[in-house]
Amino acid sequence: MSQVSSDVGLQNDAPAGGDPSGEVAGKTPGQLFWARFKQDRVAFVGLGVIFLLVALALGAGLIAHYITHRGPNDLSLARQMRDEFGLPKGPNSTYIFGADTAGRDLFIRVIYGARTSLEVAIIATGISVFIGVCLGMTAGFFGGKIDTVISRTIDVILSLPLLVFALGIAAACGTTKEGCFGGFLKPGLGVVVFIIAAFSWPYIARIVRGNTLSLREKEFVEASRSLGASNRRIMFREVLPNLVAPILVYSTLIIPSNIVFEAALSFLGLGVPQHTPSWGRMLSEASRNLEGAPWLMIFPVLFLVTTTLAFNLLGDGLRDALDPRAGR
Amino acid sequence: MTKKRNLALIGLLMVMAMVAAACGGNDDTPGTGGTGTTSATGADVQPGGDVTIEAEEFGFTSGFDPSGEYLGNAWGVMSNMLLRTVMGYKHLGGAEGNEIVPDLAAQEPEVSDDGKTYTFTLRDDVSFGPPVSRPVTARDVEYAFRRIATKSVNALYAGYYVGTIEGLEVGDDPGKDGISGIEVKGDNQIIFHLTKPTGDFLYRLAMPATAPIPEEVAKCFTNAGEYGRFVISSAGYMFDGSDKLDISSCDSMKPISGFDPTKFMKLVRNPDNEGVEDPNRPNYADTWTETINTNTNDIEQRVLADQVDFVGTPTPPTLKKFLQDDALKPRLHVDAGDRTWYITLNLNSAPMDDIHVRKAVNWVMDKEGLRLAWGGPTQGEIANHIIPDTMLNGELDDYAPYGSEGDAGDATKAAEEMKQSKYDKNQDGKCDEAPECQGVLEISSNTPPNTDMIPVIEDSLAKIGITIDDKAVTDAYTPIQTVSKQVPISPRPGWGKDYADPYTFMGPLFDSRTILCEGNSNYSLVGFTQKQADECGVPYAGDIPSVDDDIDNCIATADDAERQTCWADLDKKLMEEVVPWVPYLDATQVYATSAAVTNYDFDQFSGTPAWSRIAVDPSKQQ
């Protein structure tokens with residue numbers, strides 16, 4: 001998919017010492033990355049789509065206020081936008097995406113849904129990356145018993161029946177006002193973010209651990225250690241910077257799976273609260289009347305697929321640009 | 001790329017799952033149609049054939065045990081096809097279907113002058129079906145009451161008999177001669193001695209729990225729901241395979257093969273009923289089968305394709321299809337459901353503990369919006385008070401204490417009412433920014449139409465400054481039946497009559513003496529006392545009105561018309577002085593049928609098709 005130009009490849013393959021004549025300028029890793037990345041048009045499109053989605057999500061309120069003059073829960077046209085059986089009407093000049101089952105503007109709900117999806121995905125991914133990096137690096141760097149404990153924990157979590165477990169937590173904590181664990185988990189976005197983060201950090205941790213295991217044996221780490229650097233310094237100043245590339249790539253790839261996970265939880269009625277627009281919940285409602293109101297499924301699916309695809313393409317592009325040796 | 005492929009696969013699977021959920025397709029349902037030999041033509045009703053029903057669930061409350069079943073679906077099957085009761089119904093729709101007529105009784109009872117003694121002579125030609133196959137006697141009716149009085153059986157509406165029939169108390173074992181108020185003389189005479197005149201007593205003797213039960217079988221099944229798989233027929237049909245039941249001992253009895261609570265129920269003709277006169281049950285079909293199919297969409301498609309004969313409460317898209325197609329329209333049957341759907345307001349929980357807030361909620365609610373969430377006018381009339389109009393003989397047809405234009409709610413009147421509330425200190429017509437008014441807990445069901453009602457309720461309540469925190473759950477009834485949960489508002493409940501007297505609404509729903517800390521049906525806590533609050537461990541909001549005296553007064557009224565007026569007055573009092581509900585739908589009962597159904601009648605008592613009057617043309621079944 002992405003193309004790496006031959007001259008970039010050549011530069012990369014140039015001897016570490018460079019040409020003594022000085023005609024070939026040395027490039028920083030950042031410059032190298034950018035040179036490769038900007039030639040990957042597909043990844044660029046992915047990035048563009050993500051920018052657009054973020055802009056839509058951030059601007060949802062403004063669009064609702066200034067353009068459509070309706071919020072995501074506005075029912076002022078609910079009568080006109082449904083027939084006498086309470087069935088929603090399809091796309092028209094007022095509701096460009098049609099009405100949802102309650103007679104609300106589907107367009108506004110879909111773009112507010114982008115906000116929910118991105119919010120959940122980015123926060124949950126952030127938390128899981130943080131936990132994954134901390135534990136993965138600790139396990140890989142120190143090895144021994146610490147590694148055993150962390151690695152086995154990861155194995156246990158990865159072997160849990162994810163969806164069943166997630167449904168259990170969501171059902172237990174998401175349907176009472178008090179939440180659970182003494183109010184630690186309150187119903188709503190919090191539960192969804194917690195569940196997603198709790199189940200996705202092991203993937204990051206495993207990758208980080210593997211990379212740390214090989215990095216800690218490298219010469220520059222040995223050199224640093226022989227100069228008397230502390231473990232902490234080595235971890236944060238020597239190892240961590242070298243982990244940035246895989247972390248970035250896998251974070252980008254984990255975001256779409258988290259978006260899909262949130263949609264699945266909401267589809268099953270255990271995600272975000274009822275009135276919060278969510279693509280998953282919209283799909284769940286659409287399945288009741290696919291024949292009569294296909295737009296209820298088409299638009300949320302379109303946005304869901306586009307978003308996950310964009311993040312995947314960007315992730316692939318980043319991986320290619322950051323680590324051109326990685327095969328496809 | 002593995003990751004990407006996985007994601008693509010997950011996405012694809014999700015879309016496929018959704019399409020499957022929407023389009024359905026369940027081909028492994030047992031085929032039941034097309035074996036009849038008689039072809040019905042024109043309006044002629046030909047006996048024979050197999051009636052097939054599919055439903056998402058049986059919805060039984062006690063495994064089909066007649067003593068514990070408390071919902072219309074089970075009553076419809078029992079009273080139309082399986083069980084005869086001392087008094088019964090004509091099994092027709094409308095007012096005629098609510099009339100009470102002798103069933104097992106040979107004629108109307110003799111009632112003593114003080115209205116406390118009812119003497120019945122039973123018919124001598126009714127027999128139990130196989131394998132019992134012996135005449136039904138008064139002793140079998142008396143045994144049904146002993147079961148009602150047996151605690152472990154958990155007879156859910158025992159309250160209609162306890163305190164009414166002398167000596168009938170629920171206990172561990174009432175013993176063979178345990179109920180002093182029920183006297184049996186010979187095989188055919190049964191006398192009921194009541195503690196007080198009870199105007200609707202005959203209705204109570206038409207409830208399935210009072211149908212005769214053979215002790216030789218049922219004595220082995222005295223825990224709740226157990227007898228459900230061994231029900232012995234006293235009417236036109238029986239469980240398929242009943243004749244194979246070995247009743248020589250308790251140990252030898254294995255569940256009858258014709259009923260599996262998770263899969264299906266099949267009824268066939270009861271050979272012991274042949275030649276028994278029964279003017280109200282013509283028993284047209286040869287067999288009747290209900291099969292569980294969790295895919296509603298699939299059931300509806302199968303009814304449209306004449307593969308299944310009945311579907312109850314079709315979804316709005318299917319309803320639309322039936323109503324807009326002239327060929328399909330005659331196959332849609334809409335009858336009065338004698339059922340009110342309502343939003344319950346908790347009189348002991350802020351901010352609904354203030355009558356002005358409750359009135360404001362009634363004024364502001366967009367009832368038409370709620371009805372649209374149900375599927376529009378076919379689903380029923382907008383309800384403006386508690387008892388369905390069909391049960392009050394039209395007395396309150398024009399009564400709408402909180403009526404508004406187009407039933408869309410009246411925000412101005414709501415604001416005026418709200419201003420008088422203690423929660424509107426700044427007098428702006430909106431509930432203040434106090435915690436009592438913000439994020440008010442609401443428990444709803446997580447299935448339609450509840451899910452579609454929530455936006456309407458949120459939108460309406462926002463107009464009077466109340467924001468709600470809706471919790472949509474699978475089982476919404478448990479929290480609202482648990483006093484300690486203090487649920488201020490819930491749009492989940494509906495209440496259908498047990499029998500055609502309004503007492504069946506007023507008693508269970510508003511009598512403070514029936515309030516239980518758990519499993520309570522007086523969700524609004526009308527008449528709740530400080531003592532009960534202490535018992536249930538909740539703070540008492542104070543000053544909660546009671547209508548217990550009004551209920552006692554109405555129930556003692558023997559004259560039917562006077563009693564109805566008494567209930568109508570109480571309905572008005574509740575709506576104006578207590579305001580426990582926002583009633584919004586006086587619901588209809590809708591059934592769609594296949595083209596094979598040649599005769600349809602509605603059973604007003606149970607709110608289901610009058611199954612024994614359903615006739616099918618096997619040649620039209622696919």
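**View 1. Helix H10 of chain B (residues 367–374) is mostly covered, with eight of its eight residues buried.** Here, buried means that 20 or more other C-beta atoms, placed from the backbone, lie within 10 Å of a residue's own; helices (H or I, at least four residues) and strands (E, at least two) are DSSP runs, numbered from the N terminus. This is a predicted model, in which local features need pLDDT of at least 70, side-chain atom pairs count only at pLDDT 80 or more, and totals for chains, interfaces and linings use all residues. Residues are numbered from 1 along each chain as its sequence is written, while chains are lettered from A and ligands numbered from 1 in the order in which they are written. Look for Leu370(B) and Trp374(B) among the buried residues of H10(B). These buried residues pack against strand E14 (380–382), helix H12 (450–462) and strand E19 (581–593) of chain B.

**View 2. Ala78(A) sits in the loop between helix H4 (60–68) and helix H5 (106–142) of chain A.** Ala78(A) counts as buried because 24 other C-beta atoms lie within 10 Å. Leaving aside residues up to four places away in sequence, Ala78(A) touches Ala102(A), Gly103(A), Arg104(A) and Gly369(B); contact means C-beta atoms, placed from the backbone, within 7 Å.

**View 3. Four strands of chain B form an open sheet in the order E4-E5-E7-E6, with antiparallel pairing.** Its edge strands are E4 (110–111) and E6 (182–185), each pairing on one side only; strands pair if DSSP finds at least two bridges between them. E6(B) and E7(B) (residues 189–193) share four bridges, and Glu183(B) has Ile191(B) as its bridge partner in E7(B).

Notes: A residue is buried if 20 or more other C-beta atoms lie within 10 Å of its own, exposed if 12 or fewer, and partly exposed in between; C-beta atoms are placed from the backbone. Two residues are in contact if their C-beta atoms, placed from the backbone, lie within 7 Å.
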